[in-house]
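My notebook is open, and I want to look a few things up in this model. I'll write down each one as I go.

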Amino acid sequence: MTVVQKVLTIGGGFSGMAASIQMRKAGIEVDLVEIDPNWRPEGTGITVNGPTLRALETIGVFDEFAKRGFTSDGVDLFAPNGQRIGEIPTPKAVGSHVPGGGGIMRPELGRILADATRAAGVAVRVGCTYSRIEQCNDHVTVAFNDGTTDSYDFVVGADGVNSKLREELFPEAKPPQYIGQGVWRAVLPRPADVVRPRMWLGGPVKVGVNPVSPTHMYMFITEARPEKQHLDPTTWPQLVDRMLEPFSDPVLQSRRPDLFAANAAIDYRPLANLLVPAPWNRGRVILIGDAVAATTPHLASGAGIGIEGGIVLAEELAKPQTLQQALDEFHRRRWDRCRMVIENSEKLCRIEMENGDKAEHARIMRESVILLTQPI
Ligand SMILES: Cc1cc2nc3c(=O)[nH]c(=O)nc-3n(C[C@H](O)[C@H](O)[C@H](O)COP(=O)(O)OP(=O)(O)OC[C@H]3O[C@@H](n4cnc5c(N)ncnc54)[C@H](O)[C@@H]3O)c2cc1C
């Protein structure tokens, strides 16, 4: 007998879909509402590490990821002139044989998980959200913007970093904090010899590429910007082109004209993080994913900790225990891991911005990667 029988998930991002699929597998009835009528994550590529691939394997979509994205082991490090200076190993996640990392277009990963969500029997309503949530002792009544009302044993809020649910349930929580760096991303044709991620260190900005398909890779550039700024999107291709000028490596130089193609889909985001102190539930409503624990991408773990959170929540709700025990166990298993990712990502960011100790950067990276490979 599961702790709860009928659950509502609010938000069909990676975290909400992971939780919903796994709860269905445990026999729980799940409704999911997603506010976006197109139910399609925006953006370019996404880099995932081995532990995230392990989580996707648990959900049952790793093979599809490998087919529609790209997986590999290790990261190559280059100087701006193209001289190879080393590599970062990507150790395997404990208990799994999946590769140490991968890349995929974000909408592709969204589609893979959306198909799995529907196939698991989750009742999905798109273009739909809640308009009122009322909690009683043993159930939650939810009114929706389509005029319907329903009753649930439990509600999972996974409505992302700008969560409205967080504002309502945790009015005291600090909003996401800008950390002084922005990230540029672009989708570019992949040279045949780029078969795993590459990073160029020692230049004025940090540049990396990651294969996301047999034909394409995405490029990411992290740049220090003390103030959070709005940058006119019409200037983005020129700005990125100028950032690549000091990198004489032919792999980067040869891609500069591609930045001006419409399908380069250049994107700029100021980076922010957020960590709401646990517990993440108020009564029978819990928040997961970016809504309570949003990291910067320095450990390529944002999506991963959200997906893992969904898996662990479903595991605890499926055990023969009380709801309070399930919630206590969930927080015990998730808090330290999420905090480590967010805090260490921020430390890596600071070292990069201040041109700080490279050995310290490498040490934090190594230790974090090892901790992440541990079972969840
Ligand atoms: C620039 C950038 C680069 C990143 N790169 C990486 C990376 O390389 N690797 C990585 O692992 N992570 C990366 N991340 C982090 C990753 O994208 C997030 O951690 C992940 O998307 C969080 O998933 P989520 O489901 O919690 O939230 P979201 O992806 O934000 O999903 C929330 C969902 O809820 C829906 N929603 C919102 N409000 C409502 C509402 N009121 N009712 C119903 N539905 C609602 C939204 O439409 C959305 O579908 C990056 C993030 C940024 C900003």
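First, a term I keep needing: buried means under 20% relative accessible area, exposed means over 50%, and partly exposed is in between, using a 1.4 Å probe and protein chains only. The model is predicted, so I noted that local features need pLDDT of at least 70 and side-chain atom pairs count only at pLDDT 80 or more, while totals for chains, interfaces and linings use all residues. Residues are numbered from 1 along each chain as its sequence is written, and side-chain values use heavy atoms, with hydrogens and water left out.

I looked up Trp 39 in the loop between E2 and E3. Helices (H or I, at least four residues) and strands (E, at least two) are DSSP runs, numbered from the N terminus. Trp 39 counts as buried because its relative accessibility is 12%. Its phi is near 45°, a positive value in a residue other than glycine. Ala 265 also has phi near 45°; I found Ala 265 in the loop between H7 and E17. Is Ala 265 buried or partly exposed? Ala 265 is at 38% relative accessibility, so it counts as partly exposed.

Then I checked the peptide bonds and found a cis one joining Ala 278 and Pro 279, with omega about 5°. Pro 279 is in the loop between E17 and strand E18 (281–282).

**Entry: the ligand**

How many residues surround the ligand? I got 29, and the closest are Ser 15, Glu 34, Thr 47, Thr 129 and Asp 290. To be near, a residue needs a heavy atom within 4 Å. By class the shell has 12 nonpolar, 11 polar and 6 charged residues. Here Ala, Val, Leu, Ile, Met, Phe, Trp, Tyr, Cys and Pro count as nonpolar, Asp, Glu, Lys and Arg as charged, and the others, Gly among them, as polar. Helix H8 gives the largest share of the shell, 3 residues.

Next I read off some N and O distances. A backbone N or O atom of Thr 47 is 2.7 Å from a ligand nitrogen. A side-chain N or O atom of Arg 106 is 2.8 Å from a ligand oxygen, and a backbone N or O atom of Gly 302 is 3.2 Å from a ligand oxygen. Alone, the ligand exposes 1,000 Å², and the protein buries 83% of that. Those areas come from the Shrake-Rupley method with a 1.4 Å probe; for residues, only the protein chains shown count as cover.

**Entry: helix H8**

Ala 303 sits in helix H8. Ala 303 has a relative accessible area of 18%, so it is buried. Leaving out neighbours within four places in sequence, Ala 303 is in contact (heavy atoms within 4.5 Å) with Phe 14 and Ile 46. I also checked Ala 303 against Thr 52: they are 251 residues apart along the chain, yet their C-alpha atoms are separated by 7.6 Å.

Why does Glu 316 count as buried? Because its relative accessibility is 1%. Among the residues Glu 316 touches, beyond four places in sequence, are Val 3, Phe 330 and Arg 333.

Definitions and conventions: A polar contact is a pair of N or O atoms within 3.5 Å; within protein, one must be able to donate a hydrogen and the other to accept it, and residues adjacent in sequence count only if both atoms are side-chain atoms.
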